[in-house]
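User: I have a model open and want to go through it piece by piece. Can you take some questions?

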Amino acid sequence: MKRNSFLLILFFALLASSVPAQSPAKILKQAEKALGGTKALQKIRSRQKTGTIVNVRDASSGTFAIQTSQPNFYNESFDLNGFETESGFNGKSGWTRDSRSGLKTLTGAASRSLQAEANFRNSLWLNYKKEKSKIVSCGRIEIDGKPANCVSLIAANGISLKIFFDAASNLLVREEIPTGDEPKIFEYRDYKPVNGIQEAFSVTAKMGEDSYDIKFEKIIHNAQIAKTEFDFPNLAGKPLPDISALLNQLQENEDKTEAILENYSYTQKTVMRELAKDGVLREKESEIYQLSFYKGYRIRRLIEKNGKPLSAKDQADEDEKVQKNLAEIEKKIARKEAKGETAEDNDRRISVAEVLRASLLKNPRRERFRGRDVVVFDFEPNPAFDMKNAKTMLKFFGKVGGVMWIDETDKQVARLEGSLFENFKIAGGLLANLKKGATFSLERERINDEIWLPSLTDINISVKVFLVKGINLNQSVRSYDYQKFRTEVTDSKVDEIKKP
């Protein structure tokens, strides 16, 4: 009898192992059908959910609300016995506020995570191919004693959301949303139809150390929601500086920065990353350069590749390239001087102040950033900007929106985060076509109490080159070891003399 029981168990185990696991694409398609159908889901342009919330730990209770509007506007708020908490993404920046800590603009991983959540709340996984995201199976677990299939939805920048679907009903039963520290977890129950779409009216949420029971009383689809609903709360406080005057000061300081930068050299490490098939963002290759400036031109000297110093021969070849570059700079300057010309506009770098003049500035506010007082504001493309007659780089920034932190004392940019609001074509698309949704961030640090210089840049761009090849560019650029020197060029050679 025992032998027969063992054989029976072995038979069912083998039978179970022979059933092929469902692909993540199939799991998502089944979920779309269970929720009401792909076409019906695509027709939802906005959602408003209101109800009640109870903190499981201390039984405090209050109101809870979520609203979304495409393409990526998101707002979540709740009030527990008078203690208010709110967070949102307004298409340009993510923010959070509560009654104790006040208002804060999110940066780094926390900002990217909230933007990923805003995208998900608006369109679920429906646009993952267009957004260059990946879907990967993360196995099967039990939720409330029932089997559930897990799919990781991984954005092009590596931010991963885990979503779980009941294996029998195919309905969404759990989400794990990254926050930069630990994930927020939402579990869904009590589905009811709203305009033909299945909506969960009961939610258990774990945020930080607390768990909450949320009951929705009303869910509305496709209501008209003003964009201002997703803007930063307008809090009273110290008056803001005049923005026009601030930009003028910013431009003046950037002009001074250009001159000061001539006296600095630094090291820069670029790491190229790739989102692999398994959804993990891995380092693909890296390069380390020594950089300096000469008469407004940047000089780059490669010293390391993929973690190894260049060979003696390769370093000699690289140094020869640098000397040739210096000689070309001298010839170019000499030609211009002979003709009585100044540097062409295209030779000059675009300043941040110029970028902002091609933008609409919104939501100015005061905050603290890395221990200093800063003025923060969002920016977005200005439809009245003269794109036709602008320089190429300014045309690019004329299609960019994001958020900027300006040091209030030094009147210099401390941090910038941006994204491309629409496709950008170079040479009419013949050379390259940068895809909408490209993101980048730039952080600066204060050097020698006189200048703010780049410390970390993060870039995530999808681009089609020569109308044929599609490239996903994901890289980080770290700049460090800033040192003062002066440059002298003799016989097409550059000598660096460090100042005492």
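User: Is Cys 150 buried or exposed?
Analyst: This is a predicted model. In it, Cys 150 is buried, with a relative accessible area of 1%.

User: And what is the relative accessible area of Cys 138?
Analyst: Cys 138 comes out at 27%.

User: What joins Cys 138 to Cys 150?
Analyst: A disulfide, with an S to S distance of 1.8 Å. The two ends lie in distant parts of the chain, twelve residues apart: Cys 138 sits in strand E7 and Cys 150 in strand E8.

User: Left-handed or right-handed?
Analyst: The link of Cys 138 and Cys 150 is left-handed, with -80 degrees about the S-S bond.

User: How many disulfides does the count come to?
Analyst: One, with sulfur atoms within 2.5 Å as the cut-off.

User: Which residues of H2 are buried?
Analyst: Pro 24, Ile 27, Leu 28, Ala 31, Glu 32 and Leu 35. They are on the same side of H2, because the arc they cover around the axis is only 140 degrees.

User: What about the other side of H2?
Analyst: Lys 29 and Lys 33 are exposed there.

User: What covers the buried residues of H2?
Analyst: The cover includes helix H3 (38-42) and strands E7 (134-143), E8 (146-154), E9 (160-166), E11 (184-194) and E12.

User: What follows H2?
Analyst: Gly 36, with a positive phi near 135 degrees.

User: Now the core. How many residues are in the largest nonpolar core?
Analyst: That core has 44 residues, and Trp 125, Ile 163 and Phe 165 have the most contacts inside it. Strand E12 (residues 197-207) gives the largest share, six residues.

User: Which residues does Trp 125 touch?
Analyst: Leaving out residues up to four places away in sequence, Trp 125 touches Leu 28, Ala 31, Glu 32, Leu 35, Phe 120, Leu 153, Ile 163 and Phe 165. Of these, Leu 28, Ala 31, Glu 32 and Leu 35 are among the buried residues of H2.

User: Which residues are in the second core?
Analyst: The second core is separate and has 30 residues, including Phe 377, Ala 390, Leu 434 and Ile 459.

Methods. Residues are numbered from 1 along each chain as its sequence is written. This is a predicted model: local features need pLDDT of at least 70, side-chain atom pairs count only at pLDDT 80 or more; totals for chains, interfaces and linings use all residues. Side-chain values use heavy atoms; hydrogens and water are left out. A nonpolar core is a set of buried Ala, Val, Leu, Ile, Met, Phe, Trp, Tyr and Cys residues joined through side-chain atoms within 4.5 Å. Buried means under 20% relative accessible area, exposed over 50%, partly exposed in between (1.4 Å probe, protein chains only). Helices (H or I, at least four residues) and strands (E, at least two) are DSSP runs, numbered from the N terminus. Contact means heavy atoms within 4.5 Å. The arc is that of the directions from the helix axis to the C-beta atoms.
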